[in-house]
Amino acid sequence: MAACYDTSRTETAELPVRVRGRTVISTDAVIVGGGPAGCAAGWKLKQAGVNSIILDKTDFPRLKLCAGWITPRVLRKLGITAGDYPGGIKTFNALHFHVYGIPLPVLTRQFSIRRIEFDHWLLKRAGVPVHRHWVHRIEQKEDTFIIDSMFRCKWLVGAGGTNCPVYRTFFRKLRPRERKKQIVSMELEFQTEYRTKKCHLWFFQGGLPGYAWFVPKDDGWLNIGIGGKHAAVAEKKKGWMSVHYGTSLPVSL
Ligand SMILES: Cc1cc2nc3c(=O)[nH]c(=O)nc-3n(C[C@H](O)[C@H](O)[C@H](O)COP(=O)(O)OP(=O)(O)OC[C@H]3O[C@@H](n4cnc5c(N)ncnc54)[C@H](O)[C@@H]3O)c2cc1C
């Protein structure tokens with residue numbers, strides 16, 4: 001069952017029609033996935049005058065695991081400054097890389113956000129109707145895509161992330177992805193009284209299966225994690241908390 005929970009719905013964005021006794025929502029474009037890619041697609045399509053809807057299997061705001069580091073280019077592409085963003089945002093004036101244990105501070109302006117807030121804000125800003133619906137089956141009949149016999153469209157956008165059903169249906173055979181090469185993460189995001197403006201990234205250190213990060217966010221939120229290829233992280237998983245980074249993690253953590 002799909003539920004539409006965005007109040008921005010307009011009369012022309014989606015048109016319920018009866019097909020063989022069933023109500024089907026018909027629109028120009030269906031975007032599968034309401035993450036940053038899907039929101040960007042919806043936002044741009046709306047600007048171009050194309051009616052679209054977003055289908056996402058999850059209710060927003062939704063938790064999204066990711067370091068939450070964004071570059072100035074992301075803000076530029078969104079047409080905003082850090083001050084315009086209504087959620088929590090932290091500005092860094094340097095990134096502290098640690099490569100083979102050698103500290104390499106790089107002066108640069110970067111930002112951190114919480115994905116749970118940022119993605120929800122992007123979705124609202126896109127101004128496109130959102131249906132909570134888990135996409136399973138996509139068919140193509142001539143110039144129409146039919147999704148789970150419930151949605152019809154002329155154009156289909158796959159923005160469902162790693163296991164996107166659009167990719168699975170139309171592109172997996174053409175461009176197979178090896179699971180062992182998939183990048184996975186183990187991470188925590190929590191609030192702490194510890195305050196710092198230093199963002200750290202570690203590479204090739206202490207037996208890390210990939211890389212590790214320490215990304216402070218606004219209002220005492222902190223994201224720490226390890227990312228790497230699936231096979232390498234799985235192998236190291238059991239002992240990861242005991243990895244010694246030998247740098248400035250505060251003792252209280
Ligand atoms: C270890 C790691 C760290 C990262 N750190 C950062 C970082 O610091 N900064 C950064 O910018 N990026 C980071 N990324 C990349 C980050 O994942 C992407 O930037 C971003 O999430 C991609 O957005 P997206 O919209 O393509 O996919 P997603 O954000 O994954 O959104 C996909 C959406 O599709 C929905 N969906 C999936 N399947 C279905 C279905 N069958 N039916 C309906 N809905 C469906 C999901 O619910 C989800 O909401 C990191 C990635 C990894 C692996």
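Select α1 and α3 to start: α1 passes α3 in a left-handed crossing. This is a predicted model. α1 covers residues 36-47, and helix α3 covers residues 115-126. Two packed helices are described by the angle between their axes and the distance between the axes. Here the two axes come within 8 Å and cross at roughly 20°. Angles under 35 degrees count as roughly parallel, and α1 and α3 are therefore roughly parallel to each other.

Now show the side chains where these helices meet. On the α1 side, pick Pro36, Cys39, Gly42, Trp43 and Lys46. On the α3 side, pick Asp119, Leu122, Leu123, Arg125 and Ala126. The residues of this contact divide into 6 nonpolar, 1 polar and 3 charged.

Which element gives the most to the shell around the ligand? That element is α1, with 3 residues. Next, colour the strands β4 (52-56), β5 (69-70) and β12 (183-191); each of them, like α1, supplies at least two residues of the shell.

Zoom in on the ligand itself. There are 28 residues around the ligand, and those that come nearest are Gly33, Gly35, Ala67, Gly161 and Gly227. By type, the shell holds 14 nonpolar, 11 polar and 3 charged residues.

Then colour by domain. Domain 1 takes in 3-62 and 118-171, while domain 2 takes in 69-113 and 180-242. The shell around the ligand draws at least three residues from each of these domains.

The last two stops are in the backbone of loops. Most residues other than glycine have a negative phi, and most peptide bonds are trans.

Go to the loop between β4 and β5, where proline 61 is found. Select phenylalanine 60 together with proline 61: the peptide bond joining them is cis, with omega about 0°.

Finish at the loop between β6 (89-99) and β7 (102-113), and select tyrosine 100 there. Is the phi of tyrosine 100 positive or negative? Phi of tyrosine 100 is positive, near 50°, in a residue other than glycine.

Note on methods: Residues numbered from 1 in each chain as written. Predicted model: local features only at pLDDT ≥ 70, side-chain atom pairs only at ≥ 80, totals over all residues. Near = placed C-beta within 6 Å. Helix = DSSP H or I, 4+ residues; strand = E, 2+ residues; numbered from the N terminus. Nonpolar A, V, L, I, M, F, W, Y, C, P; charged D, E, K, R; others polar. Domains from an automatic or database assignment. Axes fitted to C-alpha atoms, helices over the stretch in contact; angles between N-to-C directions. Parallel < 35°, antiparallel > 145°, perpendicular 65-115°, else oblique. Left-handed = near helix turned anticlockwise from the far one by under 90°. Contact = placed C-beta atoms within 7 Å.
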